[in-house]
Structures are given as structure tokens and as C-alpha cells.
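Here is a short note for a colleague meeting this structure for the first time. Please read it with the model open.

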Amino acid sequence: MVKIRRVPYIFLTPFLILFALFFVFPFVYSLILSLFVNIQGKYHFVGLTNYLTAWEDKSFWYAVYRVAYYGVVQVTIMLVLALVLALFLDSRFVKNKAVFRVIYFLPYAVPGVIAAIMWGFLYSPDLNPILSIFGIFTGGKPLNLLDSGTVLYGIMNMATWAWTGYNMTIYFASLTSIPIELYDAAKIDGCNEFQTAWHIKLPLLKQVIIMTTVLSIIGSLQLFNEPYVLSSLTSIPATFTPNMDIYNMAFAYGNFTYSATLSITLVLITFIASLLFMYATSERTTAKKKKIRNKIKSHTTVSSSTLSYTGEGEKTI
């Protein structure tokens, strides 16, 4: 019995070793490093001074705001598209579903750096004549997604192209695990495809949607590859995203202690954002919201009935 109990830990050992080497140790080392400053090659303990500096770092917080805006817009569009594609593939209207799954998944298989370089050429008005079509909306000038005012939306398009198929695959795999008896019962009740998707498929996909949203939030806050590659083609500042700011602070300015401080700060922001979203979408929170809504509805119903009764009494008098 003792040996059998050790079996799960034996299988977990490779993961725990890699987790400790590539997450726990770098995190602890960065946390310790963030409490020091390097003055002429010597480290001096300063406590939380670096964190106070980070709190007043406007460029870093504006970068956080930029990726937060990016995440709200891009993640919403991407996950809605992925969900629609998954529901469409799972319907009876599509044949050769395996072929379409491969086609939608292919963009994810392209390495991120290569995809960013490819999109960089596609975004150039001199190399892509299709952009001239959008001159109708831009005063006759070709649409330039490498411009400083529109490059963020170009990056959103790149990420949507790359990750929609990936999330669609997750949703479709979850849809195939739904018991077929539920679909049979829906058909007996006279539900069409839309009603089946709305009342059966979407509620059962809730936890998977929450998982992909959390992963997408984390990925948005860690945005680096696309803007870093495009920075060689257009004027993207070194503080465009938090990760770019951290990277340049460490390897361009050599300020590893402050770079570690920004890294720990970004980890905390990512953790809090993910935790808040999971709390907001938890079953307990949803149940509390329903109770509050029911109380409001009941109170409104009682108030309206009281007013109508009072009105009738006045009319009678």
C-alpha cells in the first residue's frame, strides 16, 4: 500500500522539478533582487523603495492600461469568434469537420515571430494593394496599420488570427463530450439548432469559456512578441507593453533590480486580474446576483401592486 501511494508523486516529480526550476526559483530570485539596487557593481538593500518607484512610473502603468484595453477588445472578439466557429462545426450543417478543424488550427501552428514578420509586410501600404480599398474610410489614403495610432489594432488582428483556431479547438473538443442524450431530448422537445446551442451547449461550456478567458487575460498582459517584432518596422516605443518595458529595462539599460521589481508587479497584476474574473464568474457569485435580482423584482412587484391598489381605492372614493 505504501508503494502504491508513492506512485502519483513519482509521476509528478518531473513536473515539480521543471516547475521549481523555471517558475519558483526565478520568481523567488526576482523577488529578492527587487529589494536591492546596484550602485557601481555593489548591491544595496533598499526594501520596498523600488516598488514605490514603480508605483509612480507613469510609462509602466500606461503600458498596463494599453494591454488591458487590448485584452478587453481582442479577447472578446477572439473568444466570440472561436465559440461561433465551434458551434457551427458542431452543427449538422457542416460536413468534413476534420478538414475545417485543421484549417482553423493552422494559424496557431505558425511560430509567433514568423507570423509577426509576415503581418508586418502585409500591413505595409506599399506592399499590400488591398489596403488601398480602405481609403474610402481614411480620406483616400491607404490604411496604414503600422501607424502609431493604429498599430495596436493591427496587433489585435494578428493575435485574433493566431489564437481563434486554438480556442475553437478547445471548445469543439468540449462540445463532443456532451452526452448525446441531451441533444435527443432537445429534438423531442422541438428545439432547433439555435435553441439547442443557447440552452444546452453554452451553459455546459461555461467552465471551459472561463478557463480560456483566464488564459487569454494572462496572455494579454504578457504581450511581447508582436510589438517587439513590429518595432523594427515602425515607431513602437520601448514601453509599449509591460513586458517590453521590463525587457528594455534589463537588457538595454542594465537595471536588473528595477526590471525584477516591474516583473513582480506584473505578476501581481496578472494574478489579481485572473482572480477577480474567476470570482466574478463563480457559481456562488452568480447565485448571489440571482438572489439580489429576485429580491429587487419581488420588491418592485409588491410596490407596483400597492400603487395600483391605492390608485383603485382613490378612483372608488
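1. Helices (H or I, at least four residues) and strands (E, at least two) are DSSP runs, numbered from the N terminus. On that basis the protein chain has 13 helices and two strands. This is a predicted model: local features need pLDDT of at least 70, side-chain atom pairs count only at pLDDT 80 or more, and totals for chains, interfaces and linings use all residues. Residues are numbered from 1 along each chain as its sequence is written, and side-chain values use heavy atoms, with hydrogens and water left out.

2. Start with the whole chain. Of its 317 residues, 33% are buried (under 20% relative accessible area; exposed is over 50%, partly exposed in between; 1.4 Å probe, protein chains only). The accessible surface is about 20800 Å², and carbon and sulfur atoms hold 70% of it (Shrake-Rupley method, 1.4 Å probe; for residues, only the protein chains shown count as cover). Among contacts (heavy atoms within 4.5 Å) with a separation of 6 or more, 65% join residues 24 or more positions apart.

3. Next, the interior. A nonpolar core is a set of buried Ala, Val, Leu, Ile, Met, Phe, Trp, Tyr and Cys residues joined through side-chain atoms within 4.5 Å. The largest one has 33 residues, and Y70, I155, L230 and F240 touch the most other members. Helices α3 (58-89), α5 (112-122), α6 (151-175), α9 (206-221), α10 (225-230), α11 (242-251) and α12 (256-280) each supply at least two of its residues. The biggest contribution, six residues, comes from α6.

4. Beyond residues up to four places away in sequence, F240 touches A63, R66, V151, L152, I155 and P227.

5. Now the pockets. On a 1 Å grid over the protein atoms alone, a pocket is an open set of points where a 1.4 Å probe fits, with protein on both sides within 12 Å along at least five of seven lines; lining residues have an atom within 4 Å of a point. The largest pocket has a volume of about 680 Å³ (the space filled by probe spheres set on the points, which are joined across faces, edges and corners). Its lining has 21 residues, with F27, S30, S263, I264 and V267 nearest the centre. Two or more lining residues come from each of α1 (2-33), α11 and α12. The largest share, nine residues, belongs to α12.

6. The second largest pocket holds about 580 Å³. It is lined by 29 residues, and A159, A162, W163, G219 and E226 are the closest to its centre. Here α6 gives the most, with eight residues.

7. Which helix holds T213? T213 lies in α9. T213 is buried, at 9% relative accessible area. Leaving aside neighbours within four places in sequence, T213 is in contact with L79 and F277.

8. Finally, check Y104 in helix α4. Y104 counts as partly exposed, at 26% relative accessibility. Y104 touches L85, L89, G165 and M168, not counting residues up to four places away in sequence. The C-alpha atoms of Y104 and G165 are 4.7 Å apart, although 61 residues separate the two along the chain.
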